[in-house]
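This report goes through a sheet, its charged pairs and a few single residues. The sequence and structure come before the details.

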Amino acid sequence: MAKKIPERRCLGCMNSFPKSTLVRVVRDKEGAISLDLTGKKSGRGAYVCKSADCFKKAVKAKRFERALECEIPDSIYEEMAGELEGDK
C-alpha cells in the first residue's frame, strides 16, 4: 500500500498541497510568530505557498490571525514577507 502524503491547505489560494511544499507560520507558547522553514518548531501552525501573492492574500484577509488565534502586528508580517522573499 502506498504511503499517504500529508496535505495542508494554503491560506492564500485555499488549495491543498503536499505539506513539504508549503511554508509553515507558527505561534509558539510565548505568542511569538515566525516562519518555520523546517516544519519542526512546536506551536500552532498555519501554512502558505512559497509565493508572495499567496502570502499577501492571506494577510489581507486576516487568515493568519484567525488560524493562529491571535492579533499579528504589521511589523511581524513585514519581517515574514522579507524572510519568504529571501528564501527563494
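A residue is called buried when its relative accessible area is under 20%, exposed when that area is over 50%, and partly exposed in between. Arg44, at 37% relative accessibility, is therefore partly exposed. The model is a predicted one.

Three strands form an open sheet in the order 4-3-5, and their pairing is antiparallel. The edges are taken by strand 4 (33–36) and strand 5 (44–48); each has a single partner strand, so one side of each is left without a neighbour in the sheet. On average, neighbouring strands of this sheet are turned by 30 degrees against each other, direction ignored.

Five bridges join strand 3 (residues 23–27) to strand 5 in the antiparallel sense. Val23 stands opposite Val48 of strand 5.

## Salt bridges

How many salt bridges does the structure hold? There are two salt bridges. One is between Arg24 and Asp36, whose closest N and O atoms are 3.0 Å apart. Arg24 belongs to strand 3 and Asp36 to strand 4, so this pair ties together parts that are 12 residues apart in sequence. Arg24 counts as buried at 9% relative accessibility, and Asp36 is buried too, with a relative accessible area of 2%.

Glu69 and Arg44 also form a salt bridge, with 3.4 Å between the closest N and O atoms. Glu69 is in the loop between helix 2 and helix 3 (74–87), while Arg44 is in strand 5, so the pair ties together parts that are 25 residues apart in sequence. Glu69 is exposed, with a relative accessible area of 54%, whereas Arg44 is partly exposed.

## A buried glutamate without a salt bridge

Glu65 is part of helix 2 (residues 63–68). Which side chain of opposite charge is nearest to Glu65, and how far away is it? It is Lys62, at 4.2 Å. A salt bridge requires a side-chain nitrogen of Lys or Arg within 4 Å of a carboxyl oxygen of Asp or Glu, and Glu65, although buried, has none.

A polar atom of the Glu65 side chain lies 3.4 Å from the backbone nitrogen of Ile72. Leaving aside residues up to four places away in sequence, Glu65 touches Cys70, Glu71, Ile72 and Tyr77.

## Ala52

Ala52 is found in helix 1 (residues 52–60). Its relative accessibility is 22%, so Ala52 counts as partly exposed. Ala52 and Gly86 are 34 residues apart along the chain, and their C-alpha atoms are separated by 11 Å.

Technical notes
Residues numbered from 1 in each chain as written. Predicted model: local features only at pLDDT ≥ 70, side-chain atom pairs only at ≥ 80, totals over all residues. Heavy atoms only, no water. Pairing = 2+ DSSP bridges. Helix = DSSP H or I, 4+ residues; strand = E, 2+ residues; numbered from the N terminus. Axes fitted to C-alpha atoms, helices over the stretch in contact; angles between N-to-C directions. Buried < 20%, exposed > 50% of the residue type's maximum accessible area, 1.4 Å probe, protein only. Lys, Arg positive; Asp, Glu negative; His and termini not counted. Polar contact = N/O pair within 3.5 Å; in protein donor to acceptor, adjacent residues only side chain to side chain. Contact = heavy atoms within 4.5 Å.
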